[in-house]
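Please go through the assignments in this model one at a time, and set each value against the definition behind it.

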Amino acid sequence: MQARADDAPFWRSMLFVPVNVPKYVAKAHERGADAIILDLEDSIAPADKAAARTMVADAATVVSRGGADVVVRINRPIELAVRDIEAVVSAEVRALMLPKIDSAGHLRLLTELVDAVEAQKGVARGHTRFIAMVETAAGFRYIWEIAEATPRNVALTLGGEDFASDIGGEPDPEVLLYPKQQCVLAARAAGITPMGTIGSVANFQDVEGYRASIKRSRRFGFEGSACIHPSIVPLLNEGFTPSATEVDTAERMIAAYEKAYAEGRGSVTFDGKMIDVPIVERAQRVVDRARRIAARMGGR
Ligand code: COA
Ligand code: MG
């Protein structure tokens, strides 16, 4: 099992939906999110964990009606994690979001369990992808190893709220910059997608602040993020989609470079600036991403 390029997630926006709130589940597919995260962890009270787990299969069918991928966030305590994994692994669940990962070994043990459950349930081996969450100082120490611990990993995220609590700090952009930036670097080094924004998911009523935070996060290399309220979904979709102007500039730049290259030159001036290989590679990335998003939307 090896992750392929076309397995890379497309999740500009992932909406957290507490799985045991029927009115959230019922309309989640109308919110425009690329993925829905059915949550079994922080948004579910301890006494409701067992019942919530049994609601995932039906909820997965409901929330995916608009074409969104279904992700399930499981619990960290091992006795809950095992039950969650046994209950939710299925063809309908594209990935598991794994909270409070603190080492590569932790992720490998979960991999072993998922291997076994997929086999028992007749789910294709490797179908269930992982989004690893680093949320503690202890886990942060191993973030590079965590990112590359298993080929099931498709994305890495740093859970700002829990991380801030764990270090005795506040989840503001200044405090989170360093760990979030390490998250981007570790994910890229492992060839997986960095997800998140450099800020708190809790500030959902500050629309302009959120918009600016998304823009900044994309600049640092993030490709998408989870959110807790449907009003943020359009901001994420817009913020993590290259604009028409960006795509146009990128296409013209690539054309100018290709023309120069054909004439035997490795760098050329475009719109008053020098362009060479890394600049053109970034432009190509913009064009590729815009095409993938368009293809994905066409499939809806
Ligand atoms: N998923 C789906 N629908 C949601 C939603 C969510 N996470 N949060 C709100 N909605 C819906 C509401 O049902 C309402 O729908 P309606 O207008 O069709 O009736 C609409 O969005 C507006 O909701 P609003 O009244 O603004 O929100 P609220 O005050 O009811 O709830 C929160 C606010 C933060 C409690 C709620 O958004 C929530 O529980 N979010 C998820 C929290 C979570 O998952 N935390 C763990 C991850 S960190
Ligand atoms: Mg948490």
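Q: What makes Leu 107 and Ile 192 contacts of Asn 153?
A: Contact means heavy atoms within 4.5 Å, and in this predicted model Asn 153 is in contact with Leu 107, Phe 130, Ala 132, Ile 146, Ala 147, Glu 148 and Ile 192, leaving aside its neighbours within four places in sequence.

Q: Why is Asn 153 called buried?
A: Buried means under 20% relative accessible area, exposed over 50% and partly exposed in between, with a 1.4 Å probe and protein chains only; Asn 153 has a relative accessibility of 2%, and therefore counts as buried.

Q: Which backbone oxygens lie by the side chain of Asn 153, and at what distances?
A: A polar contact is a pair of N or O atoms within 3.5 Å, where within protein one must be able to donate a hydrogen and the other to accept it, and residues adjacent in sequence count only if both atoms are side-chain atoms. A polar atom of the Asn 153 side chain lies 2.9 Å from the backbone oxygen of Ile 146, and a polar atom of that side chain lies 3.0 Å from the backbone oxygen of Ala 147.

Q: Where is Val 154 placed, and is Val 154 buried or exposed?
A: Val 154 belongs to strand 6, residues 153–158, where strands (E, at least two residues) and helices (H or I, at least four) are DSSP runs numbered from the N terminus. With 5% relative accessibility, Val 154 counts as buried.

Q: How do you know that Thr 193 is in contact with Val 154?
A: Val 154 is listed among the contacts of Thr 193 beyond four places in sequence, as are Pro 9, Ala 155, Leu 156, Ala 187 and Glu 223. The C-alpha atoms of Val 154 and Thr 193 are 6.2 Å apart, although the two residues are 39 apart in sequence. Thr 193 lies in strand 7, residues 193–195, and is buried, with a relative accessible area of 7%.

Q: Why is Asp 42 called partly exposed, whereas Asp 39 counts as buried?
A: Asp 42 has a relative accessible area of 47% and is therefore partly exposed, whereas Asp 39 is at 1% and so counts as buried.

Q: Which polar atoms of the protein lie by ligand 1?
A: A polar backbone atom of Phe 16 is 2.8 Å from a nitrogen atom of the ligand, a polar side-chain atom of Tyr 24 is 3.1 Å from an oxygen atom, and an N or O atom in the Arg 31 side chain is 3.2 Å from an oxygen atom.

Q: How do the numbering and the selection of values work?
A: Residues are numbered from 1 along each chain as its sequence is written, while chains are lettered from A and ligands numbered from 1 in the order in which they are written. Local features need pLDDT of at least 70 and side-chain atom pairs count only at pLDDT 80 or more, totals for chains, interfaces and linings use all residues, and side-chain values use heavy atoms, with hydrogens and water left out.
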